[in-house]
Amino acid sequence: MVILSSYSQDENSSEPELRVPQTCLDPNLNQGDIASETNPSLEQGTARESLRPDNFDEYIGQEKLKSALKISMDAARKRQDIASMGHVMLYGPPGLGKTSCAYLIAKELGTSIKTFSAPALDRPKDIIGILMSLNTGDVLFIDEIHRLNKVTEELLYPALEDFEVDLNSGKDSSSRIMRLKINKFILVGATTKLGYISAPLRDRFLHVHRMQYYTHEELAEIISKNAKKLLVNINSSGLMEIASRSRGTPRIANRLLRLVRDYADHLEADLINEQIAHKALDLYQIDKYGLDKMDKKILEVLIQHYKGGPAGLETIAGLIGEDKNTVEDYYEPFLIQSGLLLRTQRGRVVTEKGLEYCR
Ligand SMILES: Nc1ncnc2c1ncn2[C@@H]1O[C@H](COP(=O)(O)OP(=O)(O)OP(=O)(O)O)[C@@H](O)[C@H]1O
Ligand SMILES: [Mg+2]
């Protein structure tokens, strides 16, 4: 725990060494994106291949999140104090738009964003250096925020609440803690595991939003916009065919669009219709519910080895040869959302619908 004492500069103490970690975080970001970033064109490849929404109009769905943020951003702008919009926590399964939303907040506010993955902030100096480097109104985006270590988390508390940092100067017995003012900023935290975040940290966020899976119509709209960016010609039945197999997730919709585009280019077809999308996705083993091989395997091992369950997460992960976190964060939420699997206190259980699906 950091203890506050009155500051007196020790002549012998060296200047506290500050550094901004150069490790980049979001797998979608390039190394060059780590510093101040106002251009959200972050997906790999050339600009034309970038499918991140450029503004909130292109950010489809998540209506409650968007209206809550727009109200707070507007109010903060009217107060001429944009950081007063409050800190934002976005949680939910991968690929639902947490990172995209963080970039849009910065863009909408006309400020810079600095992005870090929590595991990269392993030393107290890291977070102090970053906090002191922020300009007024900057967005600090911490991905995988549930993985912050305890010391870093506690250093964040005064920064989030009072925009102050505790700086340790000097060494060992001669060390002094000085509390310094920093510029007001907005923290956007993203996580797939809200339950792993301590209450004191969570309570410092004004906005805490659960990302929702997307409807087929919303996904079709996203795919349609992205098809235009990729100069792909696709009709409405082709859009719905891809949307319905995208497991409610824009990142998957983008991936399937690219796969179907390859298939269409390979056939030299100049329009993607339902038939082409259907054939392509069958070829890539994406079924009509959006389930892939691994989803099916989870249901099948539960049925074969445990008569449908219950079975524990680690057991399932071991049986399918997949990492436990991937099963928990990626596969399970969609299986549960689709009504095929239940998470009970005794373990995971295949539902009637799941049994039916596997027959
Ligand atoms: N609401 C949306 N509207 C349009 N496109 C979206 C939306 N949400 C996500 N996308 C698309 O999906 C891609 C993945 O989204 P993003 O990286 O923001 O997800 P994430 O929640 O941060 O995932 P992770 O948990 O894996 O970091 C984006 O690059 C963008 O193309
Ligand atoms: Mg992300």
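Let's start with helix 3, residues 124-133, where I127, I128, I130 and L131 are buried (buried means 20 or more other C-beta atoms within 10 Å of the residue's own, exposed means 12 or fewer, partly exposed lies in between, and C-beta atoms are placed from the backbone). Looking down the axis of helix 3, these buried residues fall within an arc of 165°, so they line one face of the helix; the arc is that of the directions from the helix axis to the C-beta atoms. The cover over them includes strand 2 (113-117), strand 3 (139-143), helix 4 (150-162) and strand 4 (164-169). Contact here means that the C-beta atoms of two residues, placed from the backbone, lie within 7 Å.

A word on what you're looking at: this is a predicted model, in which local features need pLDDT of at least 70 and side-chain atom pairs count only at pLDDT 80 or more, while totals for chains, interfaces and linings use all residues. Residues are numbered from 1 along each chain as its sequence is written, and chains are lettered from A and ligands numbered from 1 in the order in which they are written.

Zooming out, the protein has 13 helices and nine strands, taken as DSSP runs numbered from the N terminus (H or I, at least four residues, for helices; E, at least two, for strands). Of its 359 residues, 36% count as buried. Among contacts with a separation of 6 or more, 70% are between residues 24 or more positions apart.

Now to helix 10, residues 293-306. Its 14 residues should span 20 Å at 1.5 Å a residue, and its end C-alpha atoms are 19 Å apart, which agrees; the expected span is 1.5 Å times one less than the number of residues. D295, I298, L299 and L302 of helix 10 are buried. They cover an arc of only 85° around the axis, which puts them on the same side of helix 10. An α-helix has 3.6 residues a turn, so residues three or four places apart point the same way. On the face of helix 10 turned away from that buried side sit the exposed residues K293 and Q304. Just after helix 10, K307 takes a positive phi of about 50°.

What sits over the buried side? The cover includes helix 11 (313-320), helix 12 (324-337), strand 8 (341-344), strand 9 (347-350) and helix 13 (352-358). L299 touches L340, L341, V350, G354, Y357 and C358, leaving aside residues up to four places away in sequence. L299 and V350 are 51 residues apart in sequence, yet 6.5 Å apart in space, C-alpha to C-alpha.

Helix 12 packs against two helices. The axes of helix 10 and helix 12 come within 10 Å and cross at roughly 80° (axes are lines fitted to C-alpha atoms, for helices over the stretch in contact, with angles from 0 to 180 degrees between N-to-C directions). Helix 10 and helix 12 are therefore roughly perpendicular (65 to 115 degrees; under 35 is roughly parallel, over 145 roughly antiparallel and the rest oblique). M294, D295 and I298 of helix 10 meet V327, Y331 and L335 of helix 12.

The axes of helix 11 and helix 12 come within 8 Å and cross at roughly 105°. This contact is made by L313, E314, I316 and A317 of helix 11 and K324, V327 and E328 of helix 12.
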